[in-house]
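Look over the model before reading on.

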Amino acid sequence: NTESTKDLFKLSADKSPLTLDVLSSYDGSSAITLAIAPMEDKSEADAVNALKFSGITFNGTAVVAKDKNTFSFTMTPFELTESGTSLNINKFDFDGSLDNVTNIMNSKAVFGEFIVNTTNEESVKERYTAKDIELTGNVKTGKFDMNVGLGGIKLKSFTQEVNGQTQLSIGDVTMVSNVEEDDKNINQTLDTNVGNITMANK
């Protein structure tokens, strides 16, 4: 606890705000745990607007090998609230690999449910919910120091609610980006598809 970190220790009730444990094996694999402690700003006069953080833990593995490095981690659910706004994420998984021969990186990140709640000065309550988000990539650094290859985004559903009433609903969104290059040029194609869109009073 130093002068530069004392505010963080105050928020975390004098517990270590951040802990990192790494257990490495002779075979090149490592088990990794990164934990951020729960935090709360008890100096805020209005408890509704005070910063509150539930804490979060990342558990992962990394394997360093001659031909390919692999890594993966999972995240515990968490909630963050401040000034009438809250963020909840119930799941996040990440898997990736780096080919040491081709320098191609493969990655896949998956969010379960992503919820943002807000209340403005007029007491209007808004809720934004995204479900089943998937981000994928198969890229490497090209001749022009830019990533080339394939990238994708999938979203099962997104909704916007105002005072409990659905104003916007979007389903089955996919986006695929393909970046290619030759000796002189870079070309990107983007393919987007939206399964359905519903708007209130439409």
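How many helices and strands does the protein have? It has one helix and 14 strands, taken as DSSP runs numbered from the N terminus (helices H or I, at least four residues; strands E, at least two). The radius of gyration is 21 Å, well over the 17 Å that the globule rule gives for 202 residues, so the protein is more spread out than a compact globule. That radius is taken over C-alpha atoms, and the rule is 2.2 Å times the number of residues to the power 0.38.

This is a predicted model: local features need pLDDT of at least 70, side-chain atom pairs count only at pLDDT 80 or more, and totals for chains, interfaces and linings use all residues. Residues are numbered from 1 along each chain as its sequence is written, and side-chain values use heavy atoms, without hydrogens and water.

| Property of the protein | Value |
|---|---|
| C-alpha span along principal axes | about 60 × 55 × 30 Å |
| Buried residues (under 20% relative accessible area, 1.4 Å probe, protein chains only) | 21% of the 202 residues |
| Accessible surface (Shrake-Rupley method, 1.4 Å probe) | about 13,400 Å² |

Carbon and sulfur atoms hold 54% of that accessible surface.

Now the pocket. A pocket is an open set of points on a 1 Å grid over the protein atoms alone, where a 1.4 Å probe fits, with protein on both sides within 12 Å along at least five of seven lines. The largest pocket holds about 160 Å³ of space, the volume filled by probe spheres set on the points. It has 14 lining residues, each with an atom within 4 Å of a point. Closest to the centre are Thr136, Gly151, Gly152, Ile153 and Val176. Strand 12 gives the largest share of the lining, five residues.

Technical notes: Buried means under 20% relative accessible area, exposed over 50%, partly exposed in between (1.4 Å probe, protein chains only).
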